[in-house]
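Please look over the structure below before reading the points. They are meant for someone who has not seen it before.

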Amino acid sequence: MIQVPEGLYEIGTNGTDGFLADREGPKISIDLPGYMMDETTVTNASFGEFVVATGYTTEAERFGWSFVFHYFLDEATKNRSRLVPNMSWWYAVEGADWRHPEGPLSSLKDRMDHPVVQVSRNDAVAYCQWAGKRLPTEAEWEVAAKGGTTREKYPWGTELLEGSQHHCNIWQGDFPMLNDSSDGYAGTAPAKHYDPNGYDIYQMIGNVWEWCSNPARIDLADFQTKSGKYFWQNFQTADDGLYAIRGGSFLCHQSYCKRYRIAARNGNSGMSAANNIGFRCIKDLLG
């Protein structure tokens, strides 16, 4: 884990890149105590250790199905799966779970160092409780993502392809039908594939969405008056409320979802899982 120092930080943005409903601004200042942040998202290997130690069964496994983006499915799987209403790119695939991210014919072969996916927020909470950690608030996530800078878009600079190099894993090509994988991956990348930010924390932009502890789209000013410990203490009960997710994923593209920015906000229901959602943990410093 990497220590993020206590201090006065700015979160949010006064820019116009995002969606009004996401409530990305106005920018505010907050005092944060120091904390420890996982250097990577929780990997398949680490989640597997948790499952072996506890016998935990994820919600996708209990439900018997989960969400998979169409790009990773063959026609036979699509024909026997349910198309999600009002979400024409997603299918409810029987047998999709963390061990089989794209359905029963898929596996974690050569992906143990990739982020675990197909985990709901409730699954992430269970892992944190076992590990003695917790989920970050959006404020804690955003400050860590900046890596010691004051940037609002990307920890590496102001341009997506800073220095003509790929710094994260998002959709490259014609969304949603063709991904040319010029950043190296059509699906998830290893959790340590791209360069870390200034705090030596890896891939908080792109790759997979990351669950947070607070409800989605609350006023940023709430983080001035409510601590990370408050949100963790009050939002651990398993439910299907709408909770914050941050960072974007390998499915984000500028033509549709511009949420692969530090200040970008989004949300999902607590019981939802998909092949582009994972999480990372933080830990409060003693004292």
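1. The model is predicted: local features need pLDDT of at least 70, side-chain atom pairs count only at pLDDT 80 or more, and totals for chains, interfaces and linings use all residues. Residues are numbered from 1 along each chain as its sequence is written, and side-chain values use heavy atoms, with hydrogens and water left out.

2. The largest pocket holds about 610 Å³ of space. Its lining has 27 residues, with Met 87, Trp 90, Tyr 256, Asn 266 and Asn 268 closest to the centre. A pocket here is an open set of points on a 1 Å grid over the protein atoms alone, where a 1.4 Å probe fits, with protein on both sides within 12 Å along at least five of seven lines; lining residues have an atom within 4 Å of a point. Grid points are joined across faces, edges and corners, and the volume is the space filled by probe spheres set on the points.

3. Strand β12 gives the largest share of the lining of the largest pocket, 4 residues. Strands are DSSP runs of E with at least two residues, helices runs of H or I with at least four, numbered from the N terminus. By class, this lining has 16 nonpolar, 9 polar and 2 charged residues (nonpolar: Ala, Val, Leu, Ile, Met, Phe, Trp, Tyr, Cys and Pro; charged: Asp, Glu, Lys and Arg; polar: the others, Gly among them).

4. Thr 43 sits in the loop between β4 (35-37) and α1 (44-54). Thr 43 counts as buried because its relative accessibility is 13% (buried is under 20% relative accessible area, exposed over 50%, partly exposed in between, with a 1.4 Å probe and protein chains only). Beyond four places in sequence, its contacts include Met 112, His 114 and Ala 191 (heavy atoms within 4.5 Å).

5. Ser 213 belongs to strand β10 (residues 209-215). It is buried, at 0% relative accessibility. Among the residues it touches, not counting those up to four places away in sequence, are Arg 121, Phe 231 and Tyr 243.

6. There are 18 salt bridges in the structure (a side-chain nitrogen of Lys or Arg within 4 Å of a carboxyl oxygen of Asp or Glu). Glu 24 and Arg 261 form one of them, at 2.8 Å from N to O. This pair is 237 residues apart, and both residues are buried.

7. Lys 192 and Glu 39 are also joined by a salt bridge, at 3.0 Å. Lys 192 lies in the loop between β9 (178-179) and β10 and Glu 39 in the loop between β4 and α1, so the bridge ties together parts 153 residues apart in sequence.
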